[in-house]
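Open the model in your viewer and keep the selection tool at hand. The stops below say what to select and what is there.

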Amino acid sequence: MTERAPRTAAPWWRHAAIYQIYVRSFADGNGDGVGDLAGARDRLPYLRELGVDALWFTPWYVSPMADGGYDVADYRDIDPVFGTLAEAESLIGEAHARGLRIIVDLVPNHCSDRHPWFREALAGGPGSPARDRFWFAPGRGEHGELPPNDWQSYFGGPAWTRVTEADGTPGDWYLHLFAPQQPDLNWEHPAVRAEFEDILHFWLRRGVDGFRIDVAHGLAKKPGLPDVGPAPDPTDLPYQDVDDVHEVYRSWRKILDAYDGERTFVGEVWLPTAEQFARYLRPDELHSAFNFDILCAPWEARALREVVDGTLTAHEPVGAPPTWVLANHDTIRHVTRYGRADTSFDMSDKRLLDPSDTDLGRRRARAAALFTLALPGGVYVYQGDELGLPEVQDLPDGLLQDPTFVRSGGADRGRDGCRVPLPWTADGPSLGFSPGDATAAPWLPQPPAWTALSVAAQQSDPDSVLNLYRTALSLRRTRLAGLPETLTWTEAPPDVLAFTRPTGFHCLTNLSTTPVPLPRNTDLALSSAPLTEQPDGTPAIPPDACVWLWERGPAS
């Protein structure tokens, strides 16, 4: 077997495995049925044993929870449902003591309609300076009864809501690209820029290691807020990827670089071209951004290879590390997605109730995990991926809380199916999500079948999804994380993806319908599924499986 590659001095964020914690659904420490910081602190040993390098927490700030915490009323405090600021500080310290870094979610495109600034804007009335921090505008039509432009909300319906003034008369409209409870901030206003720079300092002083920036391609709007029109150009929309946004990130980068400890930004950037995407990753802007192309790609060899090649090509000119993401709190879980006839995904996906073969999906999800963990750069693991959890497709309508469900009139069932609380034990009313003396049921119900998918059920099973992740993350950290951010594709049969990394590492992913022989002169390090045998007795990779191999050294 080849020698272990020496670790490089590359910053941790270039090769980190980062675990996403959707706080409401990770672990409930106080028994109220909602996940919280106390629950997360109790599970730090589990996360350390899993083998990830950092934890990304979705918004934990004070919020009315109109959009699961992405409607922030106070960026400098913790919502009481999650805990206290002191608990957050303790969690950061305890995570650091266990070798885990902390990334917090920052929501700069919009705030909550309960934020003091927006309340002040409503109270101030038309023409109030407080309204200049948002996008207030008079309506069109004879009596201002029509929205100021034709923009539509990402959550469905118009992106404008008309206010009722203090005297009871219909007034101006305000912009919200998401829910009405999430008014967009005006990033042309100096007070908005100063406020968020101070928020960065607030959390950096408390030891956070980085920020995930929500809707990073948003913030700036084109002057005059022009109509989109009946046939919009997706590469030139007036509410996303406007050039002024880059000056915001250049100023933020200076702030982050002034702190020690290799702090980092990762952007949520949904844009149609690689060229647009790469501009956010220039050396004086964001350190990295989520690569959603692989999340959206179908389970097809050609499509996946094109994504990998395109990603590496887009990142190379700006010197940024690629990242790989299979799922998050906004998307259909890939166990379910990979079990369908159409295995692709996009944000307008309405196929939440389409049938899925979860056994097939989980087999492919295991292979996809090894494939992405073997690629150069950073990787993200959404909570529950390591358990092989599927999407929960049968949540009762009355329990759905995602604003997209309401805004679409039920046509879009929303994202709650990927946010169901995790199963930790194989018994009990909440499967260990809440303590035994909990006074409330989990905020979303867990399927009975999740008993077999719980941490406790998988802990001692060497072939479980959980132990596959643990082994892969350990090998990745010790053998792959320090390698150059390159790969070389090697010759392989049709519908098989084969590549090498420096020092003799091979990754083969079989997306065909027939077994594929292992390469000669290699030793098996890890496989997502049991190997099969060829008629001549040689080992082979079964369909929908991935293997990691090491070349044999000269003495082998």
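**Stop one: salt bridges**

Select Glu485 and Arg14, whose side chains meet in a salt bridge (2.8 Å, N to O); the term is used for a side-chain nitrogen of Lys or Arg within 4 Å of a carboxyl oxygen of Asp or Glu. Glu485 is in the loop between α15 (465-480) and β14 (488-489), and Arg14 is in the segment before β1 (17-21), 471 residues away, so the pair links distant parts of the chain. Helices (H or I, at least four residues) and strands (E, at least two) are DSSP runs, numbered from the N terminus.

This is a predicted model: local features need pLDDT of at least 70, side-chain atom pairs count only at pLDDT 80 or more, and totals for chains, interfaces and linings use all residues. Residues are numbered from 1 along each chain as its sequence is written, and side-chain values use heavy atoms, with hydrogens and water left out.

Colour the pair by accessibility. Arg14 counts as buried at 16% relative accessibility, while Glu485 is partly exposed at 29%. Buried means under 20% relative accessible area, exposed over 50%, and partly exposed in between (1.4 Å probe, protein chains only).

Next, select Arg41 and Glu94, a salt bridge with its closest N and O atoms 2.5 Å apart. Arg41 lies in helix α2 (residues 37-42) and Glu94 in helix α4 (residues 85-97), so the pair ties together parts 53 residues apart in sequence. The whole structure has 32 salt bridges.

**Stop two: Tyr380**

Move to Tyr380 in strand β13 (residues 378-382). Tyr380 is buried, with a relative accessible area of 8%. Leaving aside neighbours within four places in sequence, its contacts (heavy atoms within 4.5 Å) include Ile18, Trp56 and Trp324.
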